[in-house]
Amino acid sequence: MPISRRALAAAFAVCVLLPLSACGSGDDGGSTDASGKVEGDITFQTWNLRANFKDYFEGLIADFEKKYPGTDVKWVDQPAEGYADKISADAAGGTLPDVVNVSPDLVAPLAKAGLALDLDKAAAQYKKEYLDGAWASHQIPGMTGTYAFPWYLNTGPLFYNKSLFKEAGLDADQPPTTYDELFADALQIAQKTDGKVATLANVPTVEDFGRYGVPLMNKEGTAFTFNDAKGVELLTKYKELYDAKALDPQALTATPESSGKKFLTEAVAMNPGSALDLGNFKKQAPNLYKNIGITDQITSTGHVNMYVMGVMVNAQTKQKPAAVAFAHYVTDAAHQMSFAKKVAIFPSTAGSLDDPYFTKEDGTDETRVRVAAAKSLKTAVNYTPVLFSEQMKTELRNEVAKALQGKESPKEALDNAVEACDRLLQQQG
């Protein structure tokens with residue numbers, strides 16, 4: 001039931017993250033000492049934010065330059081499409097900006113190439129300002145250190161269609177809260193509707209295996225492990241759903257957008273989402289909105305899935321004090337809070353989620369979703385391994401499809417996926 005990392009940037013654009021390659025080699029750019037006078041010219045790169053947030057970032061930069069006379073911040077914004085390729089090319093060509101908007105999977109190859117500054121060394125004094133899970137999200141298995149400041153977070157609930165639950169003889173006010181309940185309800189809905197209504201529209205992704213309690217990698221970060229007994233159990237359950245038409249037949253090729261459309265047209269009974277979606281339901285599908293149910297993500301671990309963006313400092317910047325100071329300024333509590341009020345995202349700073357904006361309900365569904373999401377984020381986990389590339393996602397998806405179609409057993413499919421992902425992992429190294 002993935003939202004996909006695209007959901008994190010749903011307010012901005014559809015972001016397709018491609019694997020980084022050819023990041024070049026090099027040392028860590030010298031010292032990790034970021035003390036000294038904050039001055040000089042730096043370049044700050046964002047990921048498709050100018051169109052909607054030009055005034056916000058221009059104001060933020062002006063305030064920083066006023067606070068630190070002698071600094072000059074040049075802001076560049078790259079389009080969503082091809083962002084990873086752009087970073088890869090800049091890294092290989094020695095033209096990587098001083099401060100860069102990244103996601104954890106984009107940081108990994110840069111850190112391995114010595115291009116991401118280790119903030120545990122350069123900015124350890126700021127660590128306590130952030131949620132533990134958010135700070136840890138830019139750590140790389142097999143390496144020591146933290147390679148980006150956490151920035152904005154997102155998560156979301158499960159939406160469900162109360163009328164479809166009722167028609168299948170289920171209690172619309174008692175949605176499933178465990179995987180066993182989810183699978184049982186899904187089979188009942190399919191049976192009662194003669195397979196016309198599926199409950200889910202997505203095949204399981206790596207984050208779903210993580211939420212189910214499957215260990216995804218070994219501790220050293222050198223091999224994947226999601227083909228264990230618990231992983232096979234989850235895929236076997238999905239195969240049962242697929243055979244019963246409780247999993248939408250088009251799930252094999254679904255995107256987050258297409259599965260969202262299925263939910264919008266009441267062809268599926270449940271779909272993950274965020275507070276952003278409620279306005280969409282209200283406008284495009286008033287009948288669905290009238291019957292919308294909102295419940296928590298289902299997890300066997302007690303921790304929901306979190307999507308996170310970060311701000312990385314180029315280890316080879318000639319202006320370390322200014323670059324670190326600016327990356328911290330962008331992501332400090334005050335600026336994260338002001339940004340979160342402009343769009344349906346959440347701050348990664350400690351204490352921010354206790355603000356009344358994230359704790360007080362006003363009777364609207366939008367606020368209810370925001371409050372519930374903020375509460376769950378305090379202990380949320382970014383399940384997708386930092387080293388899990390887009391190519392690996394494709395390998396897993398292809399093998400899952402073979403298992404669902406009966407071309408391979410769930411065990412064979414996951415063994416093959418792990419073998420392929422391990423091979424790609426060694427190529428990364």
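Author: A residue is called buried when its relative accessible area is under 20%, exposed when over 50%, and partly exposed in between (1.4 Å probe, protein chains only). The model is predicted: local features need pLDDT of at least 70, side-chain atom pairs count only at pLDDT 80 or more, and totals for chains, interfaces and linings use all residues. Residues are numbered from 1 along each chain as its sequence is written, and side-chain values use heavy atoms, with hydrogens and water left out.

Reader: Is Asp90 buried or exposed?

Author: Asp90 is buried, because its relative accessible area is 8%.

Reader: With which side chain does Asp90 meet in a salt bridge?

Author: Side chains of opposite charge can pair when their charged atoms come close. The term salt bridge requires a side-chain nitrogen of Lys or Arg within 4 Å of a carboxyl oxygen of Asp or Glu. Here Asp90 meets Lys86, at 3.3 Å from N to O. Lys86 is partly exposed, at 32% relative accessibility. Helices (H or I, at least four residues) and strands (E, at least two) are DSSP runs, numbered from the N terminus.

Reader: How many salt bridges does the structure hold?

Author: The structure holds 13 salt bridges. One of them joins Lys411 and Asp415, whose closest N and O atoms are 2.9 Å apart.

Reader: Which residues touch the most other members of the largest nonpolar core?

Author: A nonpolar core is a set of buried Ala, Val, Leu, Ile, Met, Phe, Trp, Tyr and Cys residues joined through side-chain atoms within 4.5 Å. The largest one has 127 residues, and Phe57, Phe149, Phe224, Phe226, Phe326 and Leu396 touch the most other members. Helix α13 (residues 320-331) gives the most to this core, with 8 residues. A second, separate core of 15 residues includes Phe159 and Ile294.
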